[in-house]
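Subject: Structure for your review

Hello,

Here is the structure I said I would pass on. Please open it alongside this message; my notes follow below.

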Amino acid sequence: MLIQAITPNTTYEFAADVRAGLTKPGQKELLSKYLYDDVGSAIFEVISHLPEYGLTRADERLLRRHAHDIVDRLATPVSVAELGSGSGRKTRHILEALCRRQRTTYYPIEISPSALAMCERELRDIESISILGFEREYLDGLLEVAAHRSTGQHLLVLFLGSTIGNFDRPAGIKFLGEVRRILQPGDSLLLGTDLEKSSVQLLAAYDDELGVTAAFNLNLLARINRELGATFDLSQFEHVARINHETRSVEMHLRSMRRQTVAIDAAELSVEFIEGETIWTESSHKYSLPEVVSLAHTAGFRCAAQWVDDQWPFAENLLIAE
Ligand code: AVI
């Protein structure tokens, strides 16, 4: 697999984002994309196996059960681009169904080089597949993939695992609109969305008994210590999951257990925390089926089909660019 590398000044950008988030008046925050360094990505992989967190298994079940139906509905010939490929395990079902019909090029787009490498290892044995990975942000990568397409070649974009839920609703619609602008009419987007469920089920999923999600969240502070020379004492922060009924999301926070000051060298910053104050690190928005149809429409897609899991409320939505 060819991985097209970029070398942005990521430490500088990370430090600037941390400074902006921790000096915000009111609620302090850190961007959820920084949860996924190599350690965070490995912990997320463990989360996906937790009994309380059914999301990833529902996503995979749907893809396994309906891959042929999904592929039958696509305009062909088609190449596949995936936004955030992760390990590639779920994608195998779609790629195998497609490779039975045609030789297929698969473009995983990932900011994590280790995830790209893992995905290549997972999928390279599929017959009739070519894999060309892009170490890029989603939209930059998709622009490059679109530039590679030949005349008459359609694109299927995969945005699985309800990653869309980590955007707030307006940002999610804006993002889908940007994806749509890169596509051509008849191209498709397979969008995974976690559906609304009870608060009890959500709190268990985002604050599991074993403390894996807590470790995933706290790793963000450990990462800032490692990469930006900060002095966060991890034993003085605790993971909190809370439901936000207004935004229909579950939020992750890190709560300061006492009054404390933390220095962050690379951000030239010293931050004060009062006891009980939180840093907001992630929101996971939950959807209804009609809402997905309507947000797809707003972004310039027609929703051609929805498949819903029978064990964990989750939907795979096939959207066609109009
Ligand atoms: C990647 N994303 C869809 C996960 C979610 O459920 O929002 C990330 C996650 N955060 C805590 N657990 C899992």
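Between which two elements does the loop with serine 162 lie? It is the loop between β6 (154–159) and α7. The model is predicted, so please read everything here as computed from that prediction.

Backbone

Serine 162 is worth a look in your viewer. Its phi is positive, at about 60 degrees, although the residue is not a glycine. Proline 77 sits in the loop between α3 and β3 (78–83).

Ligand site

The shell around the ligand has 14 residues, and those that come nearest are Tyr53, Asn166, Tyr206, Glu282 and Ser284. By class, the shell divides into 7 nonpolar residues, 6 polar ones and 1 charged one.

- Tyrosine 53: an N or O atom of the side chain is 2.5 Å from an oxygen atom of the ligand.
- Glutamate 282: a polar side-chain atom lies 2.7 Å from a nitrogen atom of the ligand.
- Serine 284: an N or O atom of the side chain is 2.3 Å from an oxygen atom of the ligand.

On its own, the ligand has 340 Å² of accessible area, and the protein covers 96% of that. Two elements give two or more residues to the shell, namely α9 (212–228) and β12 (278–285).

How do α3 and α4 run relative to each other, roughly parallel or roughly antiparallel? The axes of α3 (residues 55–72) and α4 (residues 91–99) come within 8 Å and cross at roughly 20 degrees. An angle under 35 degrees counts as roughly parallel, so α3 is roughly parallel to α4. The crossing of α3 past α4 is right-handed.

For the other pair, α6 (residues 138–148) and α7 (residues 169–182), the axes come within 10 Å and the crossing angle is roughly 15 degrees. That angle makes α6 roughly parallel to α7. Here, too, the helices cross in a right-handed sense.

Regards

Methods
Residues numbered from 1 in each chain as written. Predicted model: local features only at pLDDT ≥ 70, side-chain atom pairs only at ≥ 80, totals over all residues. Heavy atoms only, no water. Near = heavy atom within 4 Å. Polar contact = N/O pair within 3.5 Å; in protein donor to acceptor, adjacent residues only side chain to side chain. Areas by Shrake-Rupley, 256 points an atom, 1.4 Å probe, with all protein chains shown as cover. Helix = DSSP H or I, 4+ residues; strand = E, 2+ residues; numbered from the N terminus. Nonpolar A, V, L, I, M, F, W, Y, C, P; charged D, E, K, R; others polar. Axes fitted to C-alpha atoms, helices over the stretch in contact; angles between N-to-C directions. Parallel < 35°, antiparallel > 145°, perpendicular 65-115°, else oblique. Left-handed = near helix turned anticlockwise from the far one by under 90°.
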